[in-house]
Amino acid sequence: MPSGPDTTAEADTGGPAARRPSEQLRPPADCASGAADASGPAPRPGRRRLPARAARLAYRGARRSAPAAVAGLALAAAFPPYDLWPLSIAAVAALSLLTRGRTARQGAWLGFAAGLAFFCALLRWLHVVGWDAVFGLALVEALFFVPLGAGLAVTSRLPLWPLWGACLWVAQEWARDRVPFGGFPWGRLAFASTDSPLLPLAALGGAPLVTFAAALAGTLLAAAVLAAGRLRRAGESRAGGGRAGGGRPGPARAALPAVGATALAAAVVTAGYAVPVPTGAADTVRVAVVQGNVQQPGMDFLGRPMLILDNHAEATLELAEDVAAGRAERPDLVLWPENASDLDPYRYPEAYAAIDRAARAVGVPILVGALVDHPTREGYVENRGIVWDPQAGPGASYTKQHPVPFGEYVPYREQLSKVITRLQRVPRDFWPGERTGVLQVGPARLGDVICFEVAYDEIVRDTVNDGARALVVQTNNATYGRTGQPEQQLAMSRLRAVEHGRAVVTAATSGISAIVAPDGTVGQRTEEFTRDVLLADLPLRDETTLSDRFGPAPEWVLAMVGLLSCAAAYVLGRQGGQAGWNRTEGKRQ
């Protein structure tokens, strides 16, 4: 039905309809009297429009960004300490729906909004260092969600788009695992799935396959939502008197896409139930995990020199007394955490004597975590796990291969220390080790992994392939106690147990220490900031999983498929644009 003249365009562009009556009747400044208005020259219409235009843009940006940010927060809630793993699938679905049909630029912004909210919530434990550290690291990690969002947008126009979207999630994690400074793989979808039916898939393709399955379930859920929306609109059209027949499918057939996508998503989520996770052991070893505790949480957890070492030595001496009194069975070996000795035992006689006294009292080897001055490079320190024999003293050792940037070493120290004075709290840089942590500790051939190294696929995989029959994660989480970070790290240990078919022992200075079975179940665990000793029979296994044999191949294949799908979408988009331009030119001629 025709209506009056449309003034919307004029209102948006500052035409007559947008002006007040007084402005329409005001004569120009150079007419009649030739005198300027007493209040000064009249503002230009363009200047008057700028605040309103900026407000409209901000409003539109907020409307688009807010749902993406909510999806990011939901994704963070899927991780420990909340462990609401279904939200990881829902968050993937939400981002898929938000980016569908968008341009690459719009998708990139939505990805960034989701990523920034996600990492700010996930990494909030860094507030112990400073909230600026939380935001800074979250900002860097969110940049990886920019190409993810753009890729989801452009591939959403392709057939089988849920598959390509899942591969892009793997590609995003592949990149974050490697750059910058060796990567920071915290926040992988796989690490949110340790309580889900997807966990057994780690034995087939490692963490990348678990991530792919979680992402595929999410993109299939998004496809189901879209199909359900189309079905609802078709039903409303029929109810409104739309033409029936004409080749239009019936209700049952029209519902097939939604039902099929939902069924596929459910099949992917439950696929892990079909994967056997072997737990049989050739033999076992009796281990004692000593958690000596620290003086206080936070940046100043060390306290006075020798305090942490004394705590672990005293707890071991108490264990030796219990063994002598028959209250506890003698272990075959004792495991101390990272930084259990805050002094270099090779340089400080009092540190050497404390460790040696504890080893002689318990009568079995101790794996000691200690900070040791580099033997040849002055000014550098090594983060080591040292096998301490009760008779021979210190023997074989492992040096952490992947020191944490800005925590254990400072990149561009000379330049950045002038700007960020807080970096002076890292007085010396840690020197990286060059080999895996396979150590013979008493009767057991163990693989030592120190702290954040448990997050890196290749470090743990190489350790198992070099002959480790069980894994030990020596860690010091005292700085981030009661922030959720220890729970997040324990989830990684659970995934590694299934991925490699190995029992995993987490030994922490202040918690959480734990014994994890090869199927990922937690047999024992300590509370945070308590002194405790765990005693357990640890299964030793020699068989390797398919994940160990395939190595990084599944991740590379899935990541490359995701990147190639983006290239295909770009080429097809160019061809479609050229075809449309040709049709337009043909009509003109």
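This is a predicted model: local features need pLDDT of at least 70, side-chain atom pairs count only at pLDDT 80 or more; totals for chains, interfaces and linings use all residues.
Residues are numbered from 1 along each chain as its sequence is written, and side-chain values use heavy atoms, without hydrogens and water. Local features need pLDDT of at least 70 and side-chain atom pairs pLDDT 80 or more, whereas totals for chains, interfaces and linings use all residues.

**View 1. The aromatic pair of Phe79 and Phe118.** The whole structure holds 16 aromatic pairs (rings of Phe, Tyr and Trp, the last by its six-membered ring, with centres within 6.5 Å; planes under 30 degrees apart are stacked, over 60 edge-to-face, the rest tilted). The ring centres of Phe79 and Phe118 are 5.7 Å apart and the planes lie at 40°, so this pair is tilted. Phe79 belongs to the loop between α3 (45-77) and α4 (86-99), and Phe118, 39 residues away, to helix α5 (residues 104-122) (helices are DSSP runs of H or I, at least four residues, numbered from the N terminus). Phe79 is buried at a relative accessible area of 3%, and Phe118 at 0% (buried: under 20%, 1.4 Å probe, protein chains only).

**View 2. The aromatic pair of Trp125 and Trp186.** This tilted pair has 5.5 Å from centre to centre and 55° between the planes. Trp125 lies in the loop between α5 and α6 (131-142) and Trp186 in that between α8 (161-176) and α9 (202-239), so the pair ties together parts 61 residues apart in sequence. Both Trp125 and Trp186 are buried.

**View 3. The buried residues of helix α6.** Val134, Ala138, Glu141 and Ala142 are the buried residues of α6. They pack against α5, α7 (145-155) and α8 (contact: heavy atoms within 4.5 Å).

Definitions and conventions: Helices (H or I, at least four residues) and strands (E, at least two) are DSSP runs, numbered from the N terminus. Buried means under 20% relative accessible area, exposed over 50%, partly exposed in between (1.4 Å probe, protein chains only).
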